[in-house]
Amino acid sequence: MHQLTIAELLKGLDSKAFSSVELTQHYLDRIKQLDGNYNSYITVTAEQALAQAQAADQARSQGEHALLSGIPIAHKDIFCTSGVKTSCGSKMLDNFIAPYDATVIEKFQQAGAVSLGKTNMDEFAMGSSNESSFYGPVKNPWNTDTVPGGSSGGSAAAVAAQLAPAATGTDTGGSIRQPAALCGITGLKPTYGRVSRFGMIAFASSLDQAGPMTRSAEDAALLMNVMAGLDEKDSTSADKAVPDYCADLNQDLTGMTIGLPKEYFGKGLNAEIEHSVQAAIKEYENLGATVKEISLPHTELAVPCYYIIAPSEASANLSRFDGVRYGYRCEDPEDLYDLYTRSRAEGFGDEVKRRILVGTYALSAGFYDAYYKKAQQIRRLIKNDFVNAFKEVDIIMGPTTPNPAFNLGEKSNDPVTMYLEDIYTLSVNLAGLPGMSIPAGFADNKPTGLQLIGNYFEEARLLNAAHRFQLATDWHQQTPSGL
Amino acid sequence: MSVEQTDIEKIAKLSRIRIAASDMPEVALRLNDILAMVDTMQAVDTTGIEPMHNPLDASQRLRADIVTETDQRELLQQNAPAAEQGLFLVPKVIE
């Protein structure tokens with residue numbers, strides 16, 4: 001059962017080949033048996049999962065068919081789940097039991113999905129390797145000496161190791177697409193505002209966006225049908241009609257124009273990744289697409305721009321963790337100032353503290369114009385590059401990452417080197433566009449990702465292009481050994 | 001621009017994060033690495049470019065000013081490190 005996609009599992013449940021309780025128990029057994037190798041889950045909610053599965057089976061026997069009725073899903077531990085620990089990968093929230101559900105969680109419940117538990121992640125979603133988690137690093141199922149990517153590394157590893165048919169993730173600078181690429185799965189970051197951020201612990205509010213991490217583009221479409229839509233509880237969620245993401249999956253690609261940004265194929269790109277991306281583009285030409293070279297001239301500025309904007313927003317968002325109302329509090333505080341400064345020093349890890357300090361500096365009197373305002377101006381230049389490109393092309397493609405998965409510990413002491421791994425994904429968040437990563441081959445026997453970038457709210461086009469590629473190739477069906 | 005120890009002490013105070021003296025050199029090194037990287041922005045002429053706050057240039061939706069939340073004090077205070085009689089407890093602020 002664990003080899004099946006969600007589309008296949010839904011058929012199996014419909015035809016009574018297995019029940020949701022059997023399916024859920026199978027996944028719970030696999031997690032128990034195998035997750036010691038990967039550390040992809042922080043919390044497994046076995047009892048609740050089986051109760052939800054039982055309810056789904058009952059509903060199904062009475063002829064009710066919610067979109068994902070009886071399908072087990074894992075959720076990144078950044079989504080608040082009522083009555084269940086929601087840690088965000090941090091010591092700060094190790095004791096935090098969410099008092100309410102995130103909108104995304106509520107939507108999956110309404111769709112009849114079963115929640116297996118909460119997946120590991122970089123602390124407060126800050127990281128590209130999952131090594132900053134308070135709960136220890138996640139290991140890449142393809143090679144357990146390497147990182148799974150981050151920050152949604154637990155979700156990516158759980159799907160790759162078949163410890164969940166699909167998982168939710170969030171993406172602030174590449175945190176769905178980069179781990180999807182490094183773990184050989186499919187991941188979609190929707191347009192900013194497409195999916196509600198309510199109950200999703202905030203990192204950088206103008207960049208954060210939730211999306212699906214799956215085994216196929218078709219499964220990502222099934223999850224998007226559940227996740228997307230306006231939410232009155234999120235004042236930045238988009239008031240825009242949601243299409244049926246499964247409707248156009250099979251549409252012919254003849255006449256589609258693909259833009260290849262020349263800046264994405266320059267120095268720093270691993271040769272085998274470049275080769276796999278070029279081979280994928282060839283496949284798209286076989287499928288009827290035409291290819292055009294384009295330029296996104298401000299690409300290199302995405303890294304500095306992002307590393308001012310994201311930390312600035314983070315420094316404001318994370319000021320709520322004060323040791324007073326919830327979360328970690330230090331022992332025996334001398335006074336209120338000591339309580340704040342020691343709780344935060346002891347409750348946050350190094351990378352989170354570093355970003356709070358950088359953000360505080362960028363926003364402080366005398367430096368605001370030189371850093372924060374400057375970064376916001378450059379952000380517009382980066383967006384304008386894409387707006388101009390989409391006048392000429394329908395979709396942009398390139399590598400998701402410059403390198404395949406690196407070794408655990410290899411970059412963890414050098415933040416700037418780690419930041420540069422996100423060069424191809426950051427600008428998509430800065431511009432607010434939808435982006436996707438799908439498996440496209442191997443480099444050094446490690447999975448590589450092809451990144452697809454669409455115009456605003458054109459997730460359906462990305463899913464269509466990804467699905468057609470997956471019908472013609474089998475990269476997405478490759479699995480790590482030892483499962 | 002690079003930061004000295006006194007700058008970091010000021011930022012740490014604004015951030016309400018204690019930094020042990022023994023950690024200071026490492027913190028300074030990493031912050032200066034990051035600031036050196038972001039300083040490449042300064043070479044770009046951004047005269048007349050409107051800063052972008054929201055990727056869709058959208059402004060936030062407002063709702064009617066009516067009470068929608070119910071009282072959930074007890075539920076919410078279950079996560080408090082120290083609470084009594086519906087109040088959050090902190091060290092004495094006024095002598």
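Let's start with one contact. The side chains of B:Arg18 and A:Asp338 meet in a salt bridge, 2.7 Å from N to O. Keep in mind that this is a predicted model. That bridge is one of three salt bridges found across the interface of chain B and chain A.

Which parts of chain B touch chain A? Three helices each supply at least two residues to that side: α1 (5-15), α2 (24-38) and α3 (73-77). The largest share comes from α2(B), with eight residues. Now sort the touching side of chain B by class. We get 30 nonpolar residues, eight polar and nine charged.

Next, the interface as a whole. In contact are 47 residues of chain B and 69 residues of chain A. The size of an interface is often given as the accessible area lost when the parts come together. Here, chain B and chain A bury about 5300 Å² between them. Of that area, 66% is on carbon and sulfur atoms. And polar contacts? Between chain B and chain A, 24 residue pairs are in polar contact, counting pairs with both residues at pLDDT 80 or more.

Now chain B on its own. It has three helices and two strands. From the N terminus on, the order is α-α-α-β-β. So much for the elements; what about the overall form? For 95 residues, a compact globule would have a radius of gyration near 12 Å. Chain B has 22 Å. Its C-alpha atoms fill a box of roughly 55 × 45 × 25 Å, taken along the principal axes.

How confident is the predictor? Chain B averages a pLDDT of 93. In chain B, 99% of the residues score at least 70. Where pLDDT is low, the predicted coordinates should not be read in detail.

Last stop: two backbone details in chain A. Most residues other than glycine have a negative phi, and most peptide bonds are trans. A:Ser151 lies in the loop between β3 (114-119) and α5 (153-160) of chain A. Then there is A:Lys16. Its phi is near 60°, a positive value in a residue other than glycine. A:Lys16 also has its place in a loop, the one between α1 (6-14) and α2 (20-34) of chain A.

Methods: Residues numbered from 1 in each chain as written. Chains lettered and ligands numbered in written order. Heavy atoms only, no water. Contact = heavy atoms within 4.5 Å. Buried area = accessible area lost by both parts, 1.4 Å probe. Salt bridge = Lys/Arg side-chain N within 4 Å of Asp/Glu carboxyl O. Polar contact = N/O pair within 3.5 Å; in protein donor to acceptor, adjacent residues only side chain to side chain. Helix = DSSP H or I, 4+ residues; strand = E, 2+ residues; numbered from the N terminus. Nonpolar A, V, L, I, M, F, W, Y, C, P; charged D, E, K, R; others polar. pLDDT = per-residue confidence, 0-100. Rg over C-alpha atoms; globule rule 2.2 N^0.38 Å.
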